[in-house]
Amino acid sequence: MAALSSLVAGAPAVQVGHFTTNTSTGTQAITGIGFKPKWIMVVGAQDTAASALECICGYYDGTTYFTHGHTINNAATSVIYQSTNAAALYQVYDVSANNNVGTVSSFDADGFTINKTSASNELKVFYIVGR
């Protein structure tokens, strides 16, 4: 019950939002959160071609990552790409098997910074961060 009362009485303990990655590697700062997060959860899905779907989910608590990416390509080959990565916030392959990987570079005073180590496509990422 203490956690519920802290949500009501004080500043928000969680914040939700979204961002779109670009197709270049390097860092991307997400700001405007209002506090320094201690953990992040992400989900995302997008239709990258007429018959393909990319989905991601991931978690990072400052120490441990868990991520899963899944791509379904029914265009001609019915190939399914699946990936898990214990060292990334998100990872997903596009229909041409190009990899998209992002890690948390830092939790910042007003948000977080993503380091895109591989970036073949724009990804729409929805997040929940917490104190």
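1. Basis of the values. The model is predicted; local features need pLDDT of at least 70, side-chain atom pairs count only at pLDDT 80 or more, and totals for chains, interfaces and linings use all residues. Residues are numbered from 1 along each chain as its sequence is written, and side-chain values use heavy atoms, with hydrogens and water left out.

2. Strand S1. This strand covers residues 14–20 and includes Val-14; strands are DSSP runs of E with at least two residues, numbered from the N terminus.

3. Surroundings of His-18. Leaving aside neighbours within four places in sequence, His-18 is in contact with Val-125, Phe-126 and Tyr-127; contact means heavy atoms within 4.5 Å.

4. Aromatic pairs. The whole structure holds 5 aromatic pairs. One of them joins Phe-19 and Tyr-127, with ring centres 6.2 Å apart and planes at 35 degrees, so the pair is tilted. Because Phe-19 lies in strand S1 and Tyr-127 in strand S10 (residues 124–130), the pair ties together parts that are 108 residues apart in sequence. Rings of Phe, Tyr and Trp (its six-membered ring) pair if their centres lie within 6.5 Å; planes under 30 degrees apart count as stacked, over 60 as edge-to-face and the rest as tilted. Phe-19 is buried at 6% relative accessible area, and Tyr-127 is buried at 8%.

5. Ring cluster. Ring pairs link Phe-112 with Phe-19 and Tyr-127 into a cluster. Beyond four places in sequence, Phe-112 touches residues including Gln-28, Ile-33, Ile-40, Ser-106 and Val-129.

6. Nonpolar core. The largest such core has 20 residues, and those with the most contacts inside it include Phe-112 and Tyr-127, together with Ile-40, Leu-89 and Val-104. A nonpolar core is a set of buried Ala, Val, Leu, Ile, Met, Phe, Trp, Tyr and Cys residues joined through side-chain atoms within 4.5 Å. Strands that each supply at least two residues of this core include S3 (39–49), S8 (99–108) and S9 (111–118); S10 gives the most, with 3 residues. In soluble globular proteins, nonpolar side chains tend to be buried together.

Note on methods: Helix = DSSP H or I, 4+ residues; strand = E, 2+ residues; numbered from the N terminus. Buried < 20%, exposed > 50% of the residue type's maximum accessible area, 1.4 Å probe, protein only.
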